[in-house]
Amino acid sequence: MVARPARLTPPLQCVPLRDPESDLEGVIVIHSTALGPGAGGCRFWSYPDMDRAQADAMRLAEGMSYKNALAGLPLGGAKAVLRKPEGAFDRTRLFRAFGRAVEELGGRYVTAEDVGTSVADMQEVAKATRHVAGLPPAEGRAGGDPSPWTALGVFESMREAAAFALGSELSGLTVAVQGTGNVGADLCRHLAEAGARLVIADPDPRRREELRAALGARVVDVNEIAEVEADVFAPCALGGVLNRESVGKLRVRLVCGAANNQLASPDVGAMLLDRGIAYVPDYVANAGGIISVSAEYLGETETDVAQRVATIAPRVAEILERAAHENRSPAAVADEMAEEVIARAQRAAA
Ligand code: NAD
């Protein structure tokens with residue numbers, strides 16, 4: 001996990017979770033409620049100690065404030081991090097206890113899936129609280145797997161960025177996609193349809209072979225994908241892939257992908273700028289997922305989701321234009337724009 005200095009004010013609330021009977025141990029961090037209830041998924045992971053879990057929750061909750069603000073959602077930022085017990089445990093009981101903790105916050109925190117949690121877990125949470133999303137969708141309502149929306153937002157962001165930074169349509173460009181999971185595979189399908197050439201890597205043979213056969217993608221080793229010669233690099237697997245070392249080895253002109261926290265540290269944004277590589281800030285491009293989750297929680301329809309996802313690409317254009325005009329990293333510009341949105345809401349509420 002990559003540490004990043006706090007940019008906004010410190011979290012509003014840290015709620016420790018400890019219930020030995022259900023093996024629940026973790027924390028809910030509410031970073032900002034300026035725009036609405038703090039929303040962000042529940043991570044279930046093996047942390048060596050609570051300090052590490054808490055640090056991760058604070059960093060992730062802050063990131064959700066930025067993502068939700070720039071996506072134009074009526075939501076603040078928050079996150080829950082639960083420590084995975086070392087021995088045997090009753091999963092149903094643990095997530096039911098987590099649901100009770102969410103309920104006690106009375107709607108200040110809205111949870112959903114994140115790394116290590118599933119729809120089934122959220123269904124248990126939903127037995128104790130209604131402040132949860134990521135459940136199977138009701139007829140005609142938004143909800144369900146958010147990955148297709150994430151992939152669509154990334155695809156449209158890439159099309160916009162390619163036009164702005166490379167002066168080109170996606171047709172004929174080569175895109176290197178790192179990770180062909182739920183989002184990466186869908187992104188590949190959009191790209192193939194748009195006439196792009198694909199180079200892909202994934203440690204899971206089933207996932208990469210399917211795309212090779214269906215889309216004619218060239219498969220490379222996972223250790224090569226960030227260094228192949230291409231027009232665009234699309235990180236769709238891990239965080240922290242853009243670091244001081246890897247940026248020097250990139251052979252692309254644009255980076256645009258779905259992975260969260262792609263920049264290992266803030267100075268990497270400036271390194272990309274120095275190398276003349278355009279960068280679409282991760283949390284702007286990948287907002288389709290939280291847009292879907294938010295619509296589900298607010299009882300909106302798929303049409304609402306589609307309309308909001310369609311605003312991602314124009315926002316990318318605005319960020320890239322402002323960054324180019326001011327000769328700054330798009331990552332820094334996006335952060336500043338998110339802070340402006342939150343500060344405006346704070347002033348309006350004061
Ligand atoms: P996923 O688990 O379905 O897919 C990730 C894929 O990456 C897997 O196929 C895995 O085998 C592969 N992978 C792992 N290590 C790799 C490596 N070193 N090189 C290449 N591939 C590797 O996850 P996902 O839902 O597709 O999400 C992908 C990324 O996008 C994650 O960083 C996630 O946090 C982010 N994201 C996802 C959503 C969403 O709606 N699913 C929303 C916002 C952000």
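The model is predicted: local features need pLDDT of at least 70, side-chain atom pairs count only at pLDDT 80 or more, and totals for chains, interfaces and linings use all residues. Residues are numbered from 1 along each chain as its sequence is written.

**Domains**

The domain assignment gives domain 1 (13-68 + 75-125) and domain 2 (147-341). Such bounds come from an automatic or database domain assignment. The C-alpha centres of domain 1 and domain 2 lie 27 Å apart. Eight residues from domain 1 and nine residues from domain 2 form the contact. Two residues are in contact if their C-beta atoms, placed from the backbone, lie within 7 Å. On the domain 1 side, helix 1 (residues 50-70) gives the most, with four residues. Helices are DSSP runs (H or I, at least four residues), numbered from the N terminus. That side of domain 1 divides into five nonpolar, two polar and one charged residues. Here Ala, Val, Leu, Ile, Met, Phe, Trp, Tyr, Cys and Pro count as nonpolar, Asp, Glu, Lys and Arg as charged, and the others, Gly among them, as polar.

**Helix pairs**

Axes are lines fitted to C-alpha atoms, for helices over the stretch in contact, and angles run from 0 to 180 degrees between N-to-C directions.

| Helix pair | Axes come within | Crossing angle |
|---|---|---|
| Helix 1 and helix 13 (residues 330-349) | 9 Å | roughly 80° |
| Helix 4 and helix 5 | 8 Å | roughly 50° |

The angle of roughly 80° makes helix 1 roughly perpendicular to helix 13. The contact is made by S65, Y66, A69 and L70 of helix 1 and A334, D335, M337, A338, V341 and I342 of helix 13. By class, this contact has eight nonpolar, one polar and one charged residues.

The angle of roughly 50° makes helix 4 oblique to helix 5. Angles under 35 degrees count as roughly parallel, over 145 as roughly antiparallel, 65 to 115 as roughly perpendicular and the rest as oblique. Residues in the contact include S147 and P148 of helix 4 and N182 and V183 of helix 5. The contact of helix 4 with helix 5 holds eight nonpolar, four polar and one charged residues.

**Ligand shell**

Helix 4 (147-166) and helix 5 (182-193) each supply at least two residues of the shell around the ligand. Helix 5 gives the most, with three residues. Of the 24 residues around the ligand, G179, G181, V183, A237 and G289 come nearest. A residue is near a molecule if its C-beta atom, placed from the backbone, lies within 6 Å of it. The shell comprises ten nonpolar, eleven polar and three charged residues.
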